[in-house]
Amino acid sequence: MNKNIQFEVNDISKTFNRRKIFSDISFSLKQKESLVITGNNGSGKSTLLKICAGVLTPTKGKTIFFIDGKPLDNSYSFRFIGFVAPYLQLYDEFTGWENLQLACKLHEINDSRQAITPLLHRLRLWERRNDVYKTYSSGMKQRLKYAFALVHEPPVLFLDEPASNLDQQGSETICEIMKEQKQEGILIVATNDEHDIGVCDRVINLNVQRSISGVP
Amino acid sequence: MLFKLILFLWLSLVIVAGISFPITMNPIHWNELPMIPGLEDKARIIFFHAPLAWVTTLAFLVSLFHAVRYLGKKNFNDDIRSSASAGLGIMFCILATVTGSFWAKFNWGSFWNWDPRETSIFVLLLIYGAYFALRSSVEGEEKRATLSAVYAVIAGVTALFFIFVMPRIVEGLHPNEAIIVRGRISMNSTMLIIFLCSLVGYTALYMWLLRLRVRIAQLEFQLLEKGN
Amino acid sequence: MIRSTIASILVIFKKDLHSELRTRYALNALLMFVITTLSIILFSIGNESVSPELLAGILWVIVFFSSMSGLSRTFISEEEKGTVLTLHLLARPLTIYYGKLIFNTILLFSFNIFTVALFLIVVPGFTVANYGIFTITIILGTLGLASASTIIAAIIAKANTKGTLYPVLSFPILLPLLLTLINATKLSVDGAVLADAIGEFRIMISYMVVLTVISSFLFEYIWKE
């Protein structure tokens with residue numbers, strides 16, 4: 001993560017089947033900054049997060065990543081982001097190791113072994129690395145998703161409900177990961193959990209305003 | 001209102017002329033139509049079948065045009081126009097296929113022969129059917145509009161292929177390639193006028209119906225928007 | 001840049017291949033399908049002698065329906081397993097399209113070799129006079145069928161009634177190709193010379209090229225949510 005990264009969101013609106021979920025959301029984040037998106041269930045937290053990560057198209061507006069000051073072609077943004085969410089599914093029929101190796105190959109990481117091994121150890125999945133994803137418990141699946149998101153050391157990390165399915169130890173590991181991300185890059189979290197909200201410096205609350213700009 | 005009235009009169013005259021003008025061996029009077037040996041009275045179907053086939057093709061092209069525009073601009077109006085035109089297209093296509101098979105029965109004794117023209121109109125019918133099958137099985141307006149626009153483009157390209165490829169494939173027995181040529185030559189001015197009037201009339205009918213359908217769809221859309 | 005794209009395309013292809021070899025869904029379905037269909041046809045033919053031209057048509061009908069039973073799996077499985085989001089995070093749309101196109105092409109090749117071999121062995125009265133025409137037809141036909149079937153599979157994977165919709169959408173699109181393939185097969189059975197079939201081959205090649213190019217433009221519209 002040696003590149004300088006900036007993330008900008010301009011006038012994002014999303015309408016689903018005539019229902020307006022939110023509109024005119026704008027903000028920008030520099031390196032070492034973090035943002036939390038909160039709101040009731042159904043307020044559009046995950047939707048906004050997905051739009052920011054580039055996996056959902058907004059009805060209006062756009063998102064831009066700046067690498068060393070230059071705007072990035074959005075079709076490559078996936079290289080620079082990591083994404084964890086309860087609704088993310090890895091490949092059932094592949095082992096933990098194979099899932100991570102797939103990510104390495106597609107992110108053009110030459111030495112996959114070197115990238116994967118420390119992550120698996122840190123997330124306490126090393127023992128189960130050769131078992132297929134289908135056999136993992138929900139906590140293990142969540143931890144593998146973190147490995148999947150971090151294997152290419154993305155400068156921007158998107159987390160939807162970061163602590164879901166995790167036990168005490170898992171939550172602590174995640175906390176560390178979030179702190180590290182804040183120090184090195186950009187962190188954006190969508191959650192209702194009080195503790196996770198406290199981790200980030202800026203807040204967007206979708207309950208209060210469906211239309212937000214210039215977040216304090 | 002005036003337009004509706006004129007259109008009504010126009011088409012009525014065309015239909016009356018097409019059905020009632022007498023057919024004689026050597027047309028002399030202004031309202032007499034030439035006799036095509038073997039066809040006689042049955043030739044009258046050309047006043048109706050050909051314009052229908054033309055309109056269904058036009059409807060397809062309009063639908064395709066708006067599909068491409070929708071993919072470019074994501075303006076919902078284009079999707080409304082695309083599907084409205086397709087709806088009319090399928091109706092005219094069914095009529096064209098039915099009248100065409102009657103023509104085939106008159107001329108060659110069987111309702112269906114799988115020659116290039118008949119196969120093409122049948123494929124167009126299949127494409128229309130597939131288009132609506134797709135639309136009815138996608139939830140979400142935006143997804144429905146995008147997917148059906150994509151399919152319309154693929155179908156359009158295929159149809160183009162078909163037109164250029166067909167002559168090679170099937171040794172046709174649509175001898176009205178010859179008849180049409182002969183027909184044009186032996187179509188006297190009266191027949192030609194009625195034919196062209198029919199063409200214009202049915203095209204105008206299509207355009208009028210299209211405007212109505214688009215208008216209705218747009219009003220529905222606005223009502224639902226206000227409701228939210 | 002190009003090399004890395006090609007490398008990524010091959011990774012997607014190998015992932016699908018790996019997955020298929022592990023679960024063998026499509027292969028199993030196909031095996032039973034071809035055996036059942038051929039049995040039914042042989043049974044209905046009985047002792048009658050059927051013209052080779054008709055048999056040529058029947059061969060491609062079997063190939064068409066076996067494509068319908070196997071080629072949509074690559075996209076439908078991603079939707080059903082919920083891994084579409086995962087792919088969005090791993091590769092660009094076009095990379096995914098080409099990877100899956102290659103997968104479907106290889107899959108269809110293996111289907112067709114099996115089907116054709118079985119057909120030649122088991123069906124009486126179907127003897128190929130010009131194997132040159134026949135082989136080229138099978139190869140070009142497979143390429144063309146795969147290219148059209150893949151883009152349609154991408155479309156129906158996003159719809160509701162996937163299974164029945166697939167043949168409904170595919171048939172009009174594939175019809176020009178199928179007619180050409182049947183024609184060329186007839187030529188090969190009648191003992192025509194290779195030069196006679198050049199027209200058909202040209203159509204097959206241009207069909208495949210046109211459909212692949214069109215699909216490349218359209219795929220992103222289908223894939224992006």
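**View 1. Strands β1 and β4 of chain A are paired.** Strand β1 (residues 5-16) and strand β4 (residues 60-67) of chain A run antiparallel and share 7 bridges. Strands pair here if DSSP finds at least two bridges between them; a strand is a DSSP run of E of at least two residues, a helix a run of H or I of at least four, both numbered from the N terminus. Ile5(A) has Ile67(A) of β4(A) as its bridge partner. This is a predicted model, in which local features need pLDDT of at least 70, side-chain atom pairs count only at pLDDT 80 or more, and totals for chains, interfaces and linings use all residues. Residues are numbered from 1 along each chain as its sequence is written, and chains are lettered from A and ligands numbered from 1 in the order in which they are written.

**View 2. A hairpin joins β4(A) and β5(A).** The antiparallel strands β4(A) and β5 (residues 70-71) of chain A are linked by 2 bridges. Ile67(A) is also the residue whose bridge partner in β5(A) is Lys70(A). Of the hairpin, 2 residues lie between the strands, and Asp68(A) has a positive phi near 50°.

**View 3. Chain C is built from helices.** Chain C has 9 helices and 0 strands. Its radius of gyration (over C-alpha atoms) is 18 Å, close to the 17 Å of the globule rule for 225 residues, so chain C is as compact as a globular protein of that length. That rule is 2.2 Å times the number of residues to the power 0.38. The C-alpha trace spans about 55 × 35 × 30 Å along its principal axes.
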